[in-house]
Every structure is written in structure tokens, then in C-alpha cells.
Amino acid sequence: AEAQKPKIPRIGWLAVQPASAAVMIESFQREFRKLGYTDGKNVVFEYRHAEGKLDRLPALAEELVRLKVDVLIAPNTPAALALKNTTNTIPIVFIDVSDPIGAGLIDSLARPGGNVTGFTTISSMLAGKRLELLKETVPKLARVAVVWNPQVPNAAQGWKESQLPARELGLQLYSMEVSSADKYDVAFKEAVKARIGALAFMVNPPNENRDVLLAHKYKLPTIHTTVGGVERGGLMSYGADRSESFTRTAVFVDKILKGTPPAEIPVERPM
């Protein structure tokens with residue numbers, strides 16, 4: 001009887017920030033329950049968070065792999081790369097990755113290959129639209145700081161994608177590179193000294209509150225890639241509806257647990 005008990009699948013979840021992961025996990029769990037899975041009953045989750053420190057991701061990835069989980073979930077590029085660099089056999093599903101091909105996670109959207117699949121955000125492609133919205137909202141705007149994290153693979157893509165639309169809108173861009181939460185104060189002071197009039201965030205910041213608090217302090221309007229930036233006090237956001245990717249992630253994990261290899265599941269992008 002013991003031998004015939006069905007094996008309960010284990011799912012590993014690796015995130016950078018516990019606060020942002022909580023929203024994703026809740027949305028994912030809600031859809032996963034609709035598919036017949038209940039945490040602790042017929043599926044077990046292993047959650048690991050790097051507390052905002054990217055250098056902790058490799059060790060946490062190794063920890064999840066040692067647990068021999070059946071599927072790994074990565075809600076952003078750094079987490080996905082940490083997992084891919086740790087295992088080439090356990091299936092990995094990524095969420096919110098702007099350029100999975102450029103990051104080296106997959107071969108192509110239609111045929112991802114290997115053990116990785118998931119959802120791309122097209123966030124960097126929308127950089128120009130975010131600048132356009134800022135200009136419409138602040139007509140006299142002349143100089144915008146583009147906030148990006150140089151430690152995040154392919155984060156510079158959003159900066160590059162901003163150049164042409166900025167020229168067309170008559171905007172000057174200021175590169176505001178922030179790699180950790182403790183560098184925000186200095187980065188803001190330098191940006192204000194450079195006479196910027198607004199902030200355009202290309203990625204989720206290392207500290208999910210400090211950015212908005214400092215923007216309020218210096219009275220700078222902000223635009224973010226996701227609605228989370230607005231919920232934290234930012235002015236506005238423009239990007240794909242993340243709830244859709246959480247819902248689809250549950251479907252992908254269900255397919256994998258039922259035997260479909262990640263290489264046969266095309267990467268999806270928002271419409």
C-alpha cells in the first residue's frame with residue numbers, strides 16, 4: 001500500500017523580493033486550485049527569496065535543485081538565469097522576462113528548446129510609449145531619467161529602446177543606473193542635479209518603496225512598467241497585464257506535471 005501511494009509533485013519558486021512574489025504567488029495559487037491542485041494536499045511548494053540581493057540567487061537555486069523539485073518557477077530574468085545555470089534537466093517556467101532569447105534562456109519563442117519556457121513581457125519594446133505618456137502628461141518636460149539596473153541581464157535594452165522615441169519627442173535622456181537599494185539616495189541627488197523632470201522605470205527597482213518615496217521628496221512624476229508602481233504611489237504605469245501571465249503559468253506547470261516537455265511549449269507574449 002505504501003509503494004502504491006501517488007508521488008506528490010513539488011514546485012520550487014525562486015524570487016528576488018518576497019513582497020512582489022507574494023502577489024504573483026497568490027494569483028498563481030488561485031488558478032492552480034481551479035486546475036485541481038491544493039498546496040499541502042496534492043502538491044507541495046518550496047519558496048525561496050533573495051531579499052533583494054541578486055548575489056544570493058545562485059545559492060538559493062542550488063538549494064531548490066537539491067530538493068529535487070519537479071518544476072521550477074522564476075518570476076524574473078535574474079531568477080530564471082540562476083535556475084538555468086544550476087540545472088538543465090528540471091523544467092523551468094519563467095515570468096516577466098523581457099528578452100528571453102537575448103538573455104540566453106531559450107532558442108526561440110516558438111521552439112524554446114532545452115528545459116525552459118514561460119512568458120515574455122515585451123516591456124523594453126514599450127519604452128517609447130512610456131516616454132510619450134510622460135510628455136503628454138507633463139507638456140513642458142525636457143529631460144527624463146531612465147532608471148535601470150545594470151546587474152540585470154539585458155536591462156540595457158530598455159535604455160537603448162528609449163533613444164529614438166526620445167529624440168522624436170524632443171526629450172533628453174539621463175541614464176540613472178541603480179544596482180542596489182542603498183544607491184538610490186545618491187542616484188536621485190545626481191539626477192536632480194542634472195535637472196531631470198521625470199522618471200521612467202525600465203525594470204522593477206531593487207527596493208520597492210525607496211524609489212517612490214524619493215520621487216515624492218523631489219516632486220518628480222514617474223511612470224512604471226507595471227501597475228505595482230502606481231499601487232506604491234507612482235504616478236502611472238504602462239505595460240502588459242501581469243495577471244494574465246500568472247494565470248497562464250498555472251496552465252504551463254499543469255502541462256509539465258502531466259508530461260509535456262518545456263521544449264514543446266512555445267513561449268507566450270502579451271497581446
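Predicted model: local features only at pLDDT ≥ 70, side-chain atom pairs only at ≥ 80, totals over all residues.
1. Helix H2, which spans residues 57-66, packs with helix H3, residues 77-84, at an angle of about 55°, and their axes are 8 Å apart. The two helices are therefore oblique to each other, and the crossing in which H2 passes H3 is right-handed.

2. On the H2 side of this packing the residues involved are Leu-57, Pro-58 and Ala-61, and these meet Pro-78, Ala-79, Ala-82 and Leu-83 of H3. By residue class, the contact of H2 with H3 is made up of seven nonpolar residues, with no polar and no charged ones.

3. H3 deserves a separate remark on burial: seven of its eight residues are buried, so the helix is largely enclosed by the rest of the structure. The buried residues are Thr-77, Pro-78, Ala-79, Ala-80, Leu-81, Ala-82 and Leu-83. Besides H2, the elements against which these buried residues pack are strand S1 (10-15), strand S3 (71-74) and strand S4 (92-97).

4. Turning to the aromatic residues, a search of the whole structure finds ten aromatic pairs. In one of them, Phe-188 and Tyr-218, the ring centres are 6.1 Å apart and the planes stand at 15°, so the pair is stacked, given that planes under 30 degrees apart count as stacked. Phe-188 belongs to helix H6 (residues 184-193), whereas Tyr-218 sits in the loop between helix H7 (210-217) and strand S9 (222-224), so the pair ties together parts that are 30 residues apart in sequence.

5. Phe-188 has a relative accessible area of 1% and is buried, since buried means under 20%, while Tyr-218, with a relative accessible area of 24%, is partly exposed.

6. A further aromatic feature is a cluster formed by Trp-13, Phe-28, Phe-32, Tyr-37, Phe-45 and Tyr-47. Among its members, Phe-28 and Phe-32 fall within the residue range of helix H1, 18-34, and Trp-13 falls within that of strand S1, 10-15, the strand that also packs against buried residues of H3.

7. Finally, H1 (residues 18-34) also contains Val-23, which at 51% relative accessibility counts as exposed, the cut-off for that class being over 50%. Val-23 and Phe-246 are 223 residues apart in sequence, yet their C-alpha atoms are 9.6 Å apart in space.

Methods. Residues numbered from 1 in each chain as written. Heavy atoms only, no water. Axes fitted to C-alpha atoms, helices over the stretch in contact; angles between N-to-C directions. Helix = DSSP H or I, 4+ residues; strand = E, 2+ residues; numbered from the N terminus. Parallel < 35°, antiparallel > 145°, perpendicular 65-115°, else oblique. Left-handed = near helix turned anticlockwise from the far one by under 90°. Contact = heavy atoms within 4.5 Å. Nonpolar A, V, L, I, M, F, W, Y, C, P; charged D, E, K, R; others polar. Phe/Tyr/Trp six-rings, centres within 6.5 Å; stacked < 30°, edge-to-face > 60°. Buried < 20%, exposed > 50% of the residue type's maximum accessible area, 1.4 Å probe, protein only.
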